[in-house]
Amino acid sequence: MAHSKISPTEGSRRILEEYYIDEDVGFALPHPLVELPDAYSPWTLVARNLPMLIENGQLREEVEKLPTLRTDELRGHRLQRLAHLALGYITMAYVWNRGDDDIRKVLPHNIAVPYCELSEKLGLPPILSYADCVLANWKKKDPNGPMTYENMDILFSFPGGDCDKGFFLVSLLVEIAASPAIKAIPTVSSAVEHQDLKALEKALCNIATSLEKAKEIFKRMRDFVDPDTFFHVLRIYLSGWKGNPKLPEGLLYEGVWDTPRKFSGGSAGQSSIFQSLDVLLGIKHKAGKGSAAEFLQEMREYMPPAHRNFLFSLESAPSVREFVISRRNENLMKAYNECVNGLVSVRKFHLTIVDTYIAKPSKQKPMEEPSNVENRGTGGTDVMNFLKSVKDTTEKALLSWP
């Protein structure tokens, strides 16, 4: 991140552009396209009507009838992201269908081949990830209106009414609310490099403020997402085939690989925002097999490559934490701790959300003990233990004034 020969503002802008971080929406895809070209209308027709096709028992038949379309005509990043999103929805619906035990273990070649081609071009896995269903799955109702829940919609839907709209849009708005924190990172790095304590303190305070705003948006999840519908319907369609006993060997992508492949479902762990702040603040999660650190490292493979590279660049930058400790400046330490506390606060609230939407509904199944499957997040983790570990490690990063 050595851009010291240009002005700090210009340097920050260039760094954000280099890593495809938008001034307004951060890691989210700015201005997603909403229509595929006419040649791809067979995909659109299925992807736009998933709830009806599933309800009528026609979904799998319609998917199997789809022509095998070439991806050569899908030029440009935003068009490829839209096609990847549509195929991701179709794939999840085909595999899980009605959400019962009638699960497909093979994705037909007419979907698998173009889906994997697009995935390779984008550097994303062939499964519906956070980069698809949250970061690229939105539009404004009134293009000139504000970026608010009331003026936004998602591009495709699963069964469950507006549950997925609420879940995906609130998650997106949390990303956008936290995006000023990401925009402040180049300023933080520059301030450390130039040993500018005032600039660093101000940038850290800006990060803390944006985390407060993100948490306030996060609270709206309860306004728009019904816990029972999330647990019994949407959670199933977001589940992957890694660490999932219902597809223990993974999914076979017909015409692409000879053996089944395992991929995790969409997860908040795939968000670049909070991993970026962990790296920036020097928060190191527990390592080892099955650890939080291992899972978070694996989730980077589900991020767009430019965002993955941004995290890598942060890891090679001078340590903000060590700089703050070495300065022994009370105001600077306070600003650093405000950032850490902001992350702790968001993670504590995330635990209450998981309790509401996964832990409690899993205990309400009549005549059955809650199983490990039902206590797992869509990314395949034991989600409560994972989040507690991440929250506890974040709390331990707080600095104490001597």
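Visitor: What percentage of the 402 residues of the chain count as buried?

Guide: Buried means under 20% relative accessible area, exposed over 50%, and partly exposed in between, with a 1.4 Å probe and protein chains only. Here 53% of the 402 residues count as buried. This is a predicted model: local features need pLDDT of at least 70, side-chain atom pairs count only at pLDDT 80 or more, and totals for chains, interfaces and linings use all residues. Residues are numbered from 1 along each chain as its sequence is written, and side-chain values use heavy atoms, leaving out hydrogens and water.

Visitor: How many helices and strands does the chain have?

Guide: Both are DSSP runs: helices are H or I, at least four residues, and strands are E, at least two. This chain has 18 helices and four strands. Its radius of gyration is 21 Å, close to the 21 Å from the globule rule for 402 residues, so the chain is as compact as a globular protein of that length. The radius is taken over C-alpha atoms, and the rule is 2.2 Å times the number of residues to the power 0.38.

Visitor: Where does pLDDT stay under 50?

Guide: pLDDT is the predictor's confidence in each residue, from 0 to 100. The chain averages 92, and 93% of the residues score at least 70. Residues 2-6 stay under 50, with seven contacts (heavy atoms within 4.5 Å) beyond four places in sequence. Residues 367-375 also stay under 50, with 16 such contacts. Where pLDDT is low, the predicted coordinates should not be read in detail.
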